[in-house]
Amino acid sequence: GRIQGYGSKLANNANGQLEWEDYFFHLVFPEDKRDMSLWPSTPPNYTEVTSEYAKRLRGLATKVLSVLSTGLGLEESRLEEEVGGTEDLLLQLKINYYPKCPQPELALGVEAHTDVSALTFILHNMVPGLQVYTEGKWVTAKCVPDSIIVHIGDTLEILSNGKYKSILHRGLVNKEKVRISWAVFCEPPKEKIVLKPLPELVTEAEPALFPPRTFSQHLQHKLFKNTQEAPTQVTV
């Protein structure tokens with residue numbers, strides 16, 4: 001998995017904007033791969049509630065991947081098998097805390113990016129701030145009570161040969177309210193599986209758009225690409 005624990009991004013990003021975020025990151029599923037020494041003791045029910053939430057999300061991931069497989073004309077279990085199956089798919093939780101920001105126009109909670117995961121599930125404290133880039137502009141996601149936001153990430157874009165798109169998104173900050181989100185990234189094992197377009201989705205008319213890479217290699221490629229490219233600013 002990734003580096004786990006607490007972190008902060010109260011610093012300028014490549015575009016000169018201040019990233020305004022504290023976070024806590026740790027693996028929550030499968031249970032036998034968790035490092036419980038990192039789990040908070042406060043609040044007292046954190047472990048119980050988070051463990052149950054992770055189990056339910058794991059079941060939801062199976063259902064979503066099944067629907068997406070069917071949408072590609074594949075067997076229902078195909079995408080789940082390609083990202084680790086019932087044994088190796090990892091669920092990583094990132095709790096994002098965005099403090100009140102006196103000048104929100106000069107800052108971002110999280111800069112524009114796509115997730116490397118297969119799927120990302122997001123809960124939030126009903127303070128608007130998540131934006132997705134679509135049709136040439138940034139659109140703020142609606143805060144719908146008792147709902148969960150689902151993103152498709154890079155892993156499914158690769159497997160589907162671009163038929164499913166990894167969502168470009170960012171997080172804004174708020175002058176009046178603290179914003180909190182709970183993002184769970186569903187990721188394949190780092191070295192065990194080679195990610196590449198599924199052969200059923202590659203034809204002469206639609207050749208493979210992505211080279212074969214392990215998940216770890218994709219992470220490194222994306223990190224290197226981001227550090228080498230000149231900063232760009234997408235505006236509304």
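## The four-stranded sheet

An open sheet of four strands has the order E7-E12-E9-E10, with antiparallel pairing; strands are DSSP runs (E, at least two residues), numbered from the N terminus, as are helices (H or I, at least four), and two strands pair if DSSP finds at least two bridges between them. Strand E7 (110–113) and E10 are the edge strands, each pairing on one side only. Direction ignored, neighbouring strands of this sheet are turned by 20° against each other on average, with axes taken as lines fitted to C-alpha atoms and angles running from 0 to 180 degrees between N-to-C directions.

This is a predicted model, in which local features need pLDDT of at least 70 and side-chain atom pairs count only at pLDDT 80 or more, while totals for chains, interfaces and linings use all residues. Residues are numbered from 1 along each chain as its sequence is written, and side-chain values use heavy atoms, with hydrogens and water left out.

## Pairings within the sheet

E7 and strand E12 (residues 169–171) are antiparallel and share two bridges. Valine 110 has glycine 171 in E12 as its bridge partner.

Strand E9 (residues 130–134) runs antiparallel to strand E10 (residues 137–140), joined by four bridges. Threonine 140 in E10 stands opposite glutamine 131. The two strands E9 and E10 form a hairpin with two residues between them, and glutamate 135 in the turn has a positive phi of about 50°.

## Leucine 156

Beyond its neighbours within four places in sequence, leucine 156 is in contact (heavy atoms within 4.5 Å) with Leu65, Leu68, Leu79, Ser117, Ala118, Leu119 and Tyr164.
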